[in-house]
Amino acid sequence: MAKKKIILYALILAFTFIAPFAFPNFGTQLATLWLMIIVALTWDMTGGQMGYNSLGNIFFYGTGMYVAALISIGRVYDIGDYTSAAGGGIYEFTDVQYFSGVFLGVLGAGVFCSISAVIIGYVTFGLRGPYFAIGTLGVAIAAGELVSNWDWVGGGQGISLPGYPGDPDTGKVFFYFLFAAVGVSVFVFVKWLYETRFGAAINAIRDDEEKAEAMGIHTLRYKLITWSMAAFFVGMAGGISAFQLLHFEPLETAYQTIFLGIFMVVCVLLGGKGTLWGPVIGAILFHLFKEVTWNYFLGWQWVALGALIVVTVVYFQDGVMGWLVHKRPEWFGIQVEDKIAGETE
Amino acid sequence: MTAIINVQNVSKSFGGVVANHDVSLTVKPGTITGLIGPNGSGKTTLFNSIVGYHPIDSGSIQFEDEEISRLPVQQIARRGMLRTFQQTRIYGEMNGVENMLISLPHRKMSIWDALKRNTSEDYERADHLLEFVGLYEKRKLKSGDLSFGQQKLLEFAMALMNEPTCLLLDEPTAGINPTLINGLIDRLKLANSEFGITLFVIEHNMRVIMNLAESIYCLAHGELLAQGTPDEIQNDQNVIDAYLGAH
């Protein structure tokens with residue numbers, strides 16, 4: 001079993017490396033798929049494993065974009081001058097300035113979002129259930145509106161960033177591997193985290209927070225740490241997106257609550273909440289679904305998406321992995337009562 | 001320290017309903033103390049006040065000589081005073097062992113300890129305590145599928161796993177198969193003598209509480225009616241009247 005797992009992981013990793021070269025026409029699609037996997041896995045950290053359904057994780061994506069962009073610009077030019085010229089191609093970046101800007105920007109975005117999660121969480125984690133969802137959604141919407149009225153960071157126009165220096169096709173591969181690196185890191189990280197005592201404690205918060213409190217678990221501290229870790233990765237993903245997209249604006253790209261902000265939740269529901277593989281499988285299925293409907297049923301794509309959400313929520317609440325756990329509990333090491341029926345107390 | 005829990009003149013009302021009025025009692029460290037009273041006499045309210053579920057209107061509650069009446073539940077739990085619930089609360093989706101491992105005392109862990117996996121000693125302790133309450137055979141089953149009585153035993157084992165100094169038990173024998181009650185009394189006594197845990201127990205079953213407790217407090221209509229050894233309580237005319245409805 002362990003050997004099979006190692007082979008499986010090796011195959012996935014090998015495919016990750018080969019994919020952009022094997023399917024060069026789908027470079028951007030594959031990068032977006034990794035983005036989906038990152039946001040789904042991190043959403044599941046709080047939504048699936050801890051029972052806090054955030055609709056505001058997109059805040060970290062948008063903020064990550066801005067922080068990464070501002071760091072990379074601010075190291076070379078005055079930000080106010082740069083944004084008032086609306087990028088405009090006036091300013092040039094050398095290769096060294098570009099790559100160090102990407103590296104520091106993405107990392108800085110992660111750190112900044114991580115800290116903001118602690119601050120926002122301190123206020124919003126007092127809310128439970130749907131109130132937490134709406135509260136965090138409010139944070140994301142408010143942030144988008146505030147930033148779009150802040151001229152120093154480009155206002156409603158957003159920010160344009162320099163393009164990848166060199167062959168655009170190499171650029172696509174570069175961004176693919178940045179996303180893939182963060183994606184693989186998230187997966188390895190959560191796989192480790194869920195097996196620790198900390199992982200068990202956040203599951204306890206999900207299943208019965210009052211009981212967890214009564215057992216002396218530091219619930220607020222654990223909630224803040226979990227969200228802050230999720231925000232770190234989402235922030236980095238946002239930072240990479242900023243450089244990949246070249247131009248972004250606050251409401252439709254950065255704080256895109258009704259797009260990526262909802263997609264990440266649908267991915268997790270589709271794949272199975274609170275499971276390790278569910279978000280990954282869900283992200284892949286959702287991305288395929290989205291691309292097919294957006295390409296072949298244009299005009300009906302939102303209807304199809306809505307139908308998918310309704311069907312998932314009404315008939316398929318546990319997602320693919322939840323359905324498998326239900327059908328084949330022995331695959332997951334779960335023992336069922338009737339197997340040892342006949343034993344007395 | 002003469003008292004581990006020291007309740008002085010505690011009153012608590014919900015709207016016009018006076019649940020506790022001017023209640024004073026003490027629990028001595030290392031003992032088993034009982035709390036009895038007819039339905040609606042304010043026993044669970046007093047428990048909830050002690051462990052911090054709701055603020056009290058007046059009076060003082062001390063744990064290990066420190067005032068705790070203004071502290072929230074988690075902070076009191078982290079001082080080592082735990083409670084079990086009348087309606088059991090376990091993590092129904094998890095199996096017995098997982099329930100036990102979640103109950104490891106996080107208050108004694110730094111965040112770095114929490115980020116480690118459970119050690120083999122943790123598993124051994126979990127198995128040992130499950131054996132102690134007689135659930136070893138069922139440890140791999142989903143806890144939600146256990147009978148109510150078994151869930152109560154599991155909750156008791158979880159509380160022991162948490163290494164409390166003081167444990168408040170709300171009707172530990174309610175819903176437990178009568179043939180198992182004697183075993184449970186023995187285990188409660190063992191938890192007290194072997195693990196040194198002070199027990200404060202709400203109980204309706206007179207036979208249980210008379211066998212178990214060294215001293216007993218009786219509440220009626222939210223007020224303290226009587227206190228004393230099991231013998232004294234059994235022969236107290238006020239207590240008899242309260243239970244038979246003469247009060």
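## Basis of the description

Residues are numbered from 1 along each chain as its sequence is written, and chains are lettered from A and ligands numbered from 1 in the order in which they are written. Because the model is predicted, local features need pLDDT of at least 70 and side-chain atom pairs count only at pLDDT 80 or more, while totals for chains, interfaces and linings use all residues.

## Chain A overall

Chain A contains 15 helices and two strands. Helices (H or I, at least four residues) and strands (E, at least two) are DSSP runs, numbered from the N terminus.

Along the principal axes, the C-alpha atoms of chain A fill a box of roughly 80 × 45 × 40 Å.

Of the 345 residues in chain A, 46% count as buried. A residue is buried if 20 or more other C-beta atoms lie within 10 Å of its own, exposed if 12 or fewer, and partly exposed in between, with C-beta atoms placed from the backbone. Among contacts in chain A with a separation of 6 or more, 79% are between residues 24 or more positions apart; a contact means that the two C-beta atoms, placed from the backbone, lie within 7 Å.

## Strand 3 of chain B

Strand 3 of chain B covers residues 32–36, and five of the five are buried, so the strand is largely enclosed by the rest of the structure. I32(B), G34(B) and I36(B) point one way, whereas T33(B) and L35(B) point the other way.

Strand 3 runs parallel to strand 8 (residues 198–202) of chain B, with four bridges joining them; two strands pair if DSSP finds at least two bridges between them. G34(B) has V201(B) as its bridge partner in strand 8. Four bridges also join strand 3 to strand 9 (residues 215–220) of chain B, again in parallel. There, L35(B) has Y217(B) as its bridge partner.

## Two residues with positive phi

L246(A) is not a glycine, yet its phi is positive, about 70°. L246(A) sits in the loop between helix 10 (219–245) and strand 2 (247–248) of chain A. It has 14 C-beta neighbours inside 10 Å, so it counts as partly exposed.

E163(B), also not a glycine, has a positive phi of about 50°. Its loop lies between helix 6 (148–161) and strand 7 (166–170) of chain B. E163(B) counts as partly exposed because it has 16 C-beta neighbours inside 10 Å.
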